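Good morning, and thank you for coming. I would like to take you through one structure today, beginning with the backbone and then turning to helix packing and cavities.

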Amino acid sequence: MKLTSLTLAASLIGSAALAGEVAPKDVQFDDYGAVEVSLSGASGDAANGALIAGTKSKGNCVACHAITALADVPFHGEVGPTLDGAGARWNAAELRGLLANAKMTFDGTVMPAFYKVDGFTRPGDAYTGKAAEGELMPILTAQEIEDVVAFVATLNEE
Amino acid sequence: MTKPMGNTLTAIALAAVAFGTVATADESADLVINGDQEMTIRTAAPAHLSDVMDEINSGWLYRKDETQLLQMDDFDNPGMIFVDLAQDAWNAVDGSEDKSCASCHDNVEETMKGVRAVYPKWNETAGEVRTLAHQINDCRENQMGAEKWKYTGGKMTAMEALISVQSRGMPVDVAIDGPAQSTWEQGKEMYYSRTGQLELSCANCHEENYGNMIRADHLSQGQINGFPVYRLKNSKLNNAHARFKGCVRDTRAETYKPGSADFVALELYVASRGNGLSVEAPSVRN
């Protein structure tokens with residue numbers, strides 16, 4: 001019941017923030033690109049994060065990163081470093097920042113910003129090739145980002 | 001028929017080291033067509049690229065063995081069927097002027113040799129850079145009084161293939177200076193512009209990451225010396241603008257239109273990155 005009304009509310013108000021949620025334009029990055037507070041106001045679900053990271057239409061992290069924990073998902077890319085051990089290299093705030101907008105951490109990186117809705121050149125309507133109409137949605141929602149942060153945080157082994 | 005297959009068929013099992021990776025092609029293979037026509041698939045980068053890369057490579061090198069093999073023999077190359085179809089179209093009268101391509105250009109094997117290698121090319125009368133497809137449609141419209149073909153349509157890509165195959169093996173040699181220079185500069189600007197919600201440029205994938213896997217795809221340098229290409233994915237010939245459109249779309253961007261001045265500029269620039277590679281059309285890709 002609660003879930004249904006939340007989904008409905010989200011679709012009605014587009015990208016407007018839900019209670020406790022930080023809107024893409026309001027994300028506060030520190031000097032190193034880290035983001036201290038949870039974007040959704042809640043903690044993340046690592047299992048769901050794993051799903052998002054391996055799903056093409058969602059995070060599709062495996063397009064660029066090899067992740068041993070997701071060995072059952074076929075075809076891992078080589079564009080970015082392996083994420084094995086990333087949970088030991090980065091804390092949650094740093095991972096959140098990397099996911100929201102990796103360019104704040106790595107200047108000019110090819111890694112896309114997953115929680116950003118403006119400042120694009122020729123933004124499209126998802127993968128249709130047509131111009132975007134109306135406000136853009138971030139590639140991942142606030143809670144999806146938190147879920148992936150929770151998942152990557154579990155990747156402690158090199 | 002002797003084909004240097006040994007080279008291409010080895011070491012594939014060894015290449016698939018990590019979990020989930022697809023078997024990638026042998027990047028040291030050589031491309032010889034019909035057992036006797038040797039293609040330049042790797043050569044020194046043209047001067048204008050020398051600060052970003054040393055060597056340019058044909059996309060053929062990055063394909064899997066099965067796909068590579070299809071391009072080594074014209075009987076196996078599905079693109080050649082369309083070349084045959086276009087040969088019929090070359091001789092067929094069409095339009096209000098009662099003319100065929102052959103009425104003005106006679107034997108395609110003689111008159112079209114070398115043409116593909118220098119396109120896109122500055123057209124003095126029109127005062128613009130033109131692609132081969134534009135030139136084909138210009139002839140249809142103004143010489144034959146026939147309807148223009150759809151820019152990315154089957155008749156167009158087949159005719160491009162027929163004309164291109166006459167230059168097969170010749171080095172790509174598009175002019176980037178003189179009157180073409182400003183168009184080339186525009187194309188270069190586009191090549192390095194990061195578009196769409198993924199903020200990726202052509203260079204991010206095809207200059208910084210060629211040789212790397214992106215999900216199941218083995219990234220090449222995005223060269224167009226093999227165009228039009230027969231893609232196993234859609235079972236037809238595809239011209240460069242169709243491919244560009246797909247790549248721009250994949251950055252979650254609004255694409256440009258095939259045949260547009262934007263894509264002409266991009267084509268000139270991308271073609272110039274392949275100056276020195278053999279014209280390979282019709283090539284075969286996945």
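Where in chain B does B:Asp98 lie? B:Asp98 is in the loop between helix H4 (79–91) and helix H5 (101–105) of chain B. Its phi is near 60 degrees, a positive value in a residue other than glycine. Helices here are DSSP runs of H or I with at least four residues, strands are runs of E with at least two, and both are numbered from the N terminus.

A word on conventions. This is a predicted model, in which local features need pLDDT of at least 70 and side-chain atom pairs count only at pLDDT 80 or more, while totals for chains, interfaces and linings use all residues. Residues are numbered from 1 along each chain as its sequence is written, chains are lettered from A and ligands numbered from 1 in the order in which they are written, and side-chain values use heavy atoms, with hydrogens and water left out.

Two proline residues in chain B also deserve attention. The peptide bond from B:Tyr119 to B:Pro120 is cis, with omega near 0 degrees; B:Pro120 sits in the loop between helix H6 (108–111) and strand S5 (121–123) of chain B. B:Phe227 and B:Pro228 are likewise joined by a cis peptide bond, with omega about 0 degrees, and B:Pro228 belongs to the loop between strand S8 (217–218) and strand S9 (229–231) of chain B.

I turn now to helix packing. Two packed helices are described by the angle between their axes and the distance between the axes. The axes are lines fitted to C-alpha atoms, for helices over the stretch in contact, and angles run from 0 to 180 degrees between N-to-C directions.

The axes of H4(B) and helix H8 (residues 154–165) of chain B come within 8 Å and cross at roughly 95 degrees. H4(B) is therefore roughly perpendicular to H8(B), a term that covers 65 to 115 degrees. Contact, meaning heavy atoms within 4.5 Å, involves residues including B:Phe82 and B:Trp90 in H4(B) and B:Met159 and B:Leu162 in H8(B). By class, this contact has twelve nonpolar, one polar and no charged residues. Here Ala, Val, Leu, Ile, Met, Phe, Trp, Tyr, Cys and Pro count as nonpolar, Asp, Glu, Lys and Arg as charged, and the others, Gly among them, as polar.

For H11(B) and helix H12 (residues 261–272) of chain B, the axes come within 10 Å and cross at roughly 100 degrees. These two helices are therefore also roughly perpendicular to each other. Among the residues that meet are B:Ala240 and B:His241 in H11(B) and B:Glu267 and B:Val270 in H12(B).

Finally, how many cavities of 30 Å³ or more does a search of the whole structure find? The search finds two. On a 1 Å grid over the protein atoms alone, a cavity is a set of points where a 1.4 Å probe fits but cannot get out, and lining residues have an atom within 4 Å of a point. Grid points are joined across faces, edges and corners, and a volume is the space filled by probe spheres set on the points.

The largest cavity holds about 110 Å³ of space. Its lining includes B:Tyr119, B:Phe227 and B:Val270.

B:Phe227, B:Pro228, B:Ala240, B:His241 and B:Glu267 are among its lining residues. Helix H7 (132–144) and helix H11 (240–249) of chain B each supply at least two residues of that lining.

How values were computed:
On a 1 Å grid over the protein atoms alone, a cavity is a set of points where a 1.4 Å probe fits but cannot get out, and a pocket is an open set with protein on both sides within 12 Å along at least five of seven lines; lining residues have an atom within 4 Å of a point. Angles under 35 degrees count as roughly parallel, over 145 as roughly antiparallel, 65 to 115 as roughly perpendicular and the rest as oblique.
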